[in-house]
Amino acid sequence: MNLETYLETNNFEKKDLTILFSVGCVLNVKNGDTYPLMADSSIDFSDDERMNIVTDDLDEYWWETLSTWNGDKQIVEDTHLRVLQNNIKEGRNTITDEEAEWLESKAELAMGI
């Protein structure tokens, strides 16, 4: 599936996608899905390559590599928080203890605690 088909099929816009160069993928900032960037600069939108920053277990290496680029890390953290909040508002998912602790730590950091 190419970019235009993905956007049209899933009712997203180009502004909903951002490239995370540090980990070689594209992040959908609306739903937290990531898709790998290929060597020819295309994006693999296949379902078997999709990973979600909220619901899937991304390996430790992915998170460590992400943290080397502060801009990418901030985008992922903001998206993670927004997707969790939307899930809670819409009542689609409950959050895990780990996600609750992460949210709590983000709130404490924001409040300077």
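Hi everyone, thanks for coming. Before anything else, please keep in mind that what you see is a predicted model.

Let me start with the overall layout. The protein has four helices and four strands, and along the sequence they come in the pattern α-β-β-β-β-α-α-α. The radius of gyration is 15 Å, close to the 13 Å that the globule rule gives for 113 residues, so the protein is as compact as a globular protein of that length. If you like boxes, the C-alpha atoms fill one of roughly 45 × 35 × 25 Å along the principal axes. Of the 113 residues, 33% count as buried. And if we take contacts between residues at least 6 apart in sequence, 35% of them join residues at least 24 apart.

Let's walk through the strand pairs. β1 and β2, the latter spanning residues 25-28, are antiparallel and joined by four bridges. Leucine 17 stands opposite asparagine 28 of β2, while leucine 20 has cysteine 25 in β2 as its bridge partner. Four residues lie between the strands in this hairpin, and glycine 24 there takes a positive phi near 65°.

On we go to β3, residues 33-36, which pairs with β2 in the antiparallel sense over three bridges. Here cysteine 25 turns up again, with proline 36 in β3 as its bridge partner. The β2-β3 hairpin has four residues between its strands, and in its turn glycine 32 has a positive phi of about 85°.

I'd like to stay with β2 for a moment. In a regular strand, side chains alternate between the two faces of the sheet. In β2, Cys25 and Leu27 point one way, and Val26 and Asn28 point the other way. Are these four residues buried or exposed? All of them are buried.

Next stop, helix α2, residues 60-66, which is where we find threonine 65. With a relative accessibility of 16%, below the 20% cut-off, threonine 65 counts as buried. What lies 2.8 Å from a polar atom of the threonine 65 side chain? That is the backbone oxygen of tyrosine 61. Leaving out residues up to four places away in sequence, threonine 65 touches Ser22 and Val23.

Finally, the aromatics. Searching the whole structure gives five aromatic pairs. One of them joins tryptophan 62 and tryptophan 63, with 4.9 Å centre to centre and 80° between the planes. Why does this pair count as edge-to-face? Because planes over 60 degrees apart are classed that way, and these two are at 80°.

Note on methods:
Residues numbered from 1 in each chain as written. Predicted model: local features only at pLDDT ≥ 70, side-chain atom pairs only at ≥ 80, totals over all residues. Heavy atoms only, no water. Phe/Tyr/Trp six-rings, centres within 6.5 Å; stacked < 30°, edge-to-face > 60°. Helix = DSSP H or I, 4+ residues; strand = E, 2+ residues; numbered from the N terminus. Buried < 20%, exposed > 50% of the residue type's maximum accessible area, 1.4 Å probe, protein only. Polar contact = N/O pair within 3.5 Å; in protein donor to acceptor, adjacent residues only side chain to side chain. Contact = heavy atoms within 4.5 Å. Pairing = 2+ DSSP bridges. Rg over C-alpha atoms; globule rule 2.2 N^0.38 Å.
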